Amino acid sequence: MRNVTIALVQFNSRIGDIEYNVKRGCEFVRQAAEKGADLVVFPELFAGGYNTEYVTAHKEELALQASSDVVSDMAKTAGENGIYVVMPCVIEKDGRYYNGEYLFNREGEIEGTYSKVHLWDEEAKLFEKGGEYPVFDLDFGKLGLLICYDAGFPESVRMMALKGAELVLVSSAFCHLHWKRWNTYFGARALENTMYVGAVNATGGAGEEIWFGSNRFYDITGDSLMEGNLNIEEMQLVSVDLDQVKKARAAGCYLTDLRPETYTY
């Protein structure tokens, strides 16, 4: 068995208050580690909060480089607690800005980054588009990361599955207007690719951008293993056996019956 315990935090970020958000996030990381979690993941743009109007006016202030103090703080917390951490934020690379996330390993080092490929609405005016679907080979198995709207494109998860991903985690900022999508995407992606899929949503917000939380986690058949509460900040833990992915795929599944020679765009 390859058991892994994932902590999903539906977080209420203070818009623009990076120091508070990261400090509060570090508290959740320590709590998750105390409860035996291997990995903790936060919602989309967790560090500065999701508010496109605010990001438009303060993008440079919100952008975090690998050398930023708050990035070092979260990395240090991950290392001190021996836990992987997914930290979504505005990432600045070579003068370009991305809706992305840092992945820290158990030693407190940056294992890698992911940049959102499919930008939603106003995001396309704010950020560069990512262009890769990395799969991270961690000590418990193969992890893929996506952000919000990415999950609406089956190709995103399929690309990661074909690279061996067994678990995909989606950091999100879904508002009530898109409740139906929230209830549709993630179970479908899990079923189609015989993998575990977790979705982490923000809480709080204002105006049309009010996030409802309700984190989700689905098994390899697309069945729900966990649903978080609505409209409150909280953390849930889910434990799964990644060997179930390997066994199911070996026995035959959607991935084994693919007909790529027939797929055209």
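Author: Gladly; we will look at a sheet, a helix residue, and then pockets and cavities. This is a predicted model, in which local features need pLDDT of at least 70 and side-chain atom pairs count only at pLDDT 80 or more, while totals for chains, interfaces and linings use all residues. Residues are numbered from 1 along each chain as its sequence is written, and side-chain values use heavy atoms, with hydrogens and water left out.

Reader: In what order do the six strands of the open sheet run?

Author: Strands (E, at least two residues) and helices (H or I, at least four) are DSSP runs numbered from the N terminus, and two strands pair if DSSP finds at least two bridges between them. Here the order is E5-E4-E3-E2-E1-E14, with mixed pairing. Strands E5 (110-115) and E14 (234-241) are at the edges with a single partner strand each, so one side of each has no neighbour in the sheet.

Reader: How many bridges join strand E4 to E5?

Author: Five bridges join E4 (residues 96-104) to E5, and the two run antiparallel. Tyr 102 stands opposite Thr 113 in E5.

Reader: Is Ser 156 buried or exposed?

Author: Buried means under 20% relative accessible area, exposed over 50%, and partly exposed in between (1.4 Å probe, protein chains only). Ser 156 has 0%, so Ser 156 is buried. This residue lies in helix H5 (residues 154-162).

Reader: What volume does the largest pocket have?

Author: On a 1 Å grid over the protein atoms alone, a pocket is an open set of points with protein on both sides within 12 Å along at least five of seven lines; a cavity is a set where a 1.4 Å probe fits but cannot get out, and lining residues have an atom within 4 Å of a point. The largest pocket has a volume of about 360 Å³. Its lining has 20 residues, and the closest to its centre are Tyr 50, Trp 120, Cys 175, His 178 and Trp 211.

Reader: How many cavities of 30 Å³ or more does a search of the whole structure find?

Author: The search finds two. The largest cavity has a volume of about 70 Å³, and Ser 13, Gly 49, Tyr 50, Ala 202 and Trp 211 lie nearest its centre among 13 lining residues. The second largest cavity has about 50 Å³, and its lining includes Leu 45, Val 55 and Cys 89.

Methods:
Grid points are joined across faces, edges and corners, and a volume is the space filled by probe spheres set on the points.
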